[in-house]
Every structure is written in structure tokens, then in C-alpha cells.
Amino acid sequence: MKSLFKQNVILFLLIITIVVIPLIIKRDSEFGGADGEAEGLIQEINPDYEPWFESFWEPPSGEIESLLFSIQVAIGAGLIGYILGVLKERRNIVTDR
Amino acid sequence: MKKKSLMWSVLLILVITPQIAQAMHIMEGFLPLKWAIAWSVLTLPFLAVGLKKVAKGLREEKDYKMMLGLVGGFAFVLSALKIPSVTGSCSHPTGVGLGAILFGPTTMTVIGTIVLLFQALLLAHGGITTLGANSFSMAVVGPFVSYGIYKVLGRKSKNKSLAVFLAASLGDLATYIITSIQLSLAFPDAMGGIAASLTKFLSVFAVTQIPLAIVEGIITVMVFNLIQEYRKEGVIKLEESI
């Protein structure tokens with residue numbers, strides 16, 4: 001378990017590096033969503049295309065969007081944390097015997 | 001009681017998940033009707049098999065629900081993380097690779113499709129009309145690629161980390177390649193046809209995705225190793241694929 005922890009720390013630092021590098025080398029970019037770009041591409045390839053269906057509901061603002069986003073991550077992470085906690089406790093019981 | 005509250009939290013995530021998982025999905029109304037129908041028809045059989053499998057697992061295996069909650073939560077968190085990429089735009093991982101390795105691909109067809117459905121309904125990301133196509137890329141092809149790679153590389157090797165890494169990251173990449181193919185089939189370039197427009201869509205989706213696929217691979221390895229550790233100690237009892 002100890003070596004796994006060490007390995008995970010290294011892997012985690014690697015992830016941070018991969019995420020931060022684009023922010024540095026592409027400092028002037030907007031970092032918008034890739035799907036927005038695809039939408040632009042479609043308009044470019046086929047300027048006459050009209051989306052034939054509209055979403056029923058859209059979040060009214062970027063703030064509402066990020067609210068839902070944060071709640072999603074919080075609950076997902078909470079669920080993972082809960083289950084890992086259960087497993088850890090279970091291991092204590094198993095190894096005590 | 002515990003099981004019940006776990007189920008509720010899974011359900012709640014399913015409802016809320018929505019969000020920002022947009023970066024890969026084809027937008028509402030952006031696939032012509034015949035393509036929308038074609039991709040839906042292709043996805044349905046996988047969904048049916050997956051539903052059957054999940055029902056069987058829940059019935060017969062003790063730790064199935066808990067582990068499904070873990071891979072489900074993993075998919076929700078990962079598909080919500082919008083990460084900057086070297087192309088100067090953002091995208092997000094899929095999070096379905098881990099579940100595909102642990103439970104098999106069709107199980108993730110179920111989870112992925114539910115995620116996409118609620119995203120379409122609540123957050124205007126992806127769409128109802130493009131659900132079939134988006135499911136096909138993220139919840140069918142992605143998981144199958146991950147599962148296949150893991151089966152081929154991981155079975156014999158003692159240290160499974162490399163197999164898991166490749167499975168998760170290439171499955172992630174495959175999802176976006178399929179999205180590009182779907183869009184170029186529906187929108188062939190006036191001059192260069194399907195090939196030319198495929199190049200364009202790939203340059204948006206696939207190139208952006210490369211660093212993110214690497215990140216997804218690494219995170220999947222971290223969680224997978226943890227699960228393996230518990231499994232070796234006999235803490236988790238799970239029959240499926242490993």
C-alpha cells in the first residue's frame with residue numbers, strides 16, 4: 001500500500017503538469033469548448049444547414065451552469081469517497097481476523 | 001438502508017450530471033434525421049444487452065451495486081472536468097474506461113447513455129435527437145475499445161498498469177474519433193467530400209483530446225490499482241472481467 005501511495009503522488013504530479021502546460025504555452029487562447037468550434041465548422045462546410053430541433057431547456061447563465069457543475073462534482077466525489085471509506089473499514093475487519 | 005441511500009445518491013448524480021460534459025457531444029438538432037435514426041438503431045442492441053447484464057449483476061453479486069456506484073461516480077466526476085488542451089480549447093475525459101474494464105463494455109453503455117440523456121435534458125449539452133449518435137461514440141465504441149485493449153494486453157501481464165492506461169486513454173480517444181466520423185458523414189465537404197471534412201473535425205476533436213486521454217489513462221490507473229489492492233486482500237468480491 002505504501003508503494004502505491006508513492007506511485008500515486010508521482011502520477012498526480014504528472015497530471016498537474018499535463019494540465020498546466022497548455023495554459024502556459026497557449027497563454028493567449030480562449031479555452032472555449034471544442035464542440036463550439038465544431039459548430040463553427042459545420043456552418044463553414046454547410047452554411048445552409050439549420051438545426052432542426054431545439055433544446056427544451058438551457059441553463060439561464062454561466063453561473064447557473066457552473067452551479068450545477070459544482071454540485072455534480074461534489075456528489076460524484078462524495079460517492080467515491082464514501083465507497084472508498086467503506087472499503088478501508090472493511091479491510092480493517094478482514095485483516096484483523 | 002445503506003444500499004438505499006447509495007442508490008439515491010447515484011440517481012441524484014445521474015440527474016445532476018448534465019453539465020459541461022458538452023465538449024464532445026454533437027449538439028441538439030445538428031445531425032440530419034436519417035443519421036440520428038441510424039445511430040440510435042445501432043446503439044439499441046448494446047443498451048439492451050447492458051440493461052440485462054446490470055439487472056443480473058444486481059441480483060446475483062454482493063458487491064456489484066457498490067462497485068457500480070464507484071465506476072458511475074468516477075464517470076460523472078471525470079466527464080465534468082473540463083480541462084485545457086494544447087490546442088487552446090477545452091474538452092473533458094469520458095470516465096467510462098474504468099467501468100468497461102471492471103464490468104465489461106455494455107454495462108457502461110447503460111451508464112453512459114443515462115449520463116448523456118440527462119445532460120441533453122437539463123443542460124442543453126448534446127441533445128435528444130443526437131442521443132443515439134453520442135451514445136454510440138461514448139457509451140459503445142469507447143468502452144468496447146477500452147475493454148478490448150485490456151483483454152488483449154492485460155490478461156497475461158503481471159503489472160496491469162500499462163494495459164489499463166492504454167485501455168482508458170485509447171478508449172477516450174476513440175470516442176472523439178467516432179464523433180468526428182459521425183459529423184463528417186453527415187457533413188461532407190463540398191470540395192473534398194467526407195475525407196476532407198473528417199480531417200477538419202478530427203483537428204478539432206481528436207487533437208484537443210490527446211492530452212486529456214493521457215490524463216484519463218493516468219487517473220484510471222490510480223483508481224484501478226487501488227481496487228486491485230482491495231481485491232487481492234479479499235475486501236471486494238467481484239466476479240467480472242478482471
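## Chains A and B in a predicted model

The side chain of B:T113 reaches the backbone oxygen of B:T109 at 2.6 Å. This is a polar contact (a pair of N or O atoms within 3.5 Å; within protein, one must be able to donate a hydrogen and the other to accept it, and residues adjacent in sequence count only if both atoms are side-chain atoms). The model is predicted, so local features need pLDDT of at least 70 and side-chain atom pairs count only at pLDDT 80 or more, while totals for chains, interfaces and linings use all residues. Residues are numbered from 1 along each chain as its sequence is written, chains are lettered from A and ligands numbered from 1 in the order in which they are written, and side-chain values use heavy atoms, with hydrogens and water left out.

B:T113 lies in helix α5 (residues 105-123) of chain B. Helices (H or I, at least four residues) and strands (E, at least two) are DSSP runs, numbered from the N terminus. B:T113 counts as buried because its relative accessibility is 11%; buried means under 20% relative accessible area, exposed over 50%, and partly exposed in between (1.4 Å probe, protein chains only). Leaving out residues up to four places away in sequence, B:T113 touches B:L47, B:M108, B:L131, B:S135 and B:A139. Contact here means heavy atoms within 4.5 Å.

Chain A has three helices and zero strands, in the order α-α-α from the N terminus on. Its radius of gyration, taken over C-alpha atoms, is 22 Å, whereas a compact globule of 97 residues would have one near 13 Å. The globule rule is 2.2 Å times the number of residues to the power 0.38. Of the 97 residues of chain A, 29% count as buried.

The next topic is the interface. In chain A, 61 residues are in contact with 72 residues of chain B. The two chains bury about 5900 Å² between them, 75% of it on carbon and sulfur atoms; buried area is the accessible area (1.4 Å probe) that two parts lose on being put together, summed over both. There are three salt bridges between chain A and chain B, each a side-chain nitrogen of Lys or Arg within 4 Å of a carboxyl oxygen of Asp or Glu. One of them joins A:R90 and B:D63, with the closest N and O atoms 3.2 Å apart.

| Element of chain A | Residues |
|---|---|
| α1 | 2-25 |
| α2 | 34-45 |
| α3 | 62-96 |

Of these, α3(A) gives the most, with 21 residues.
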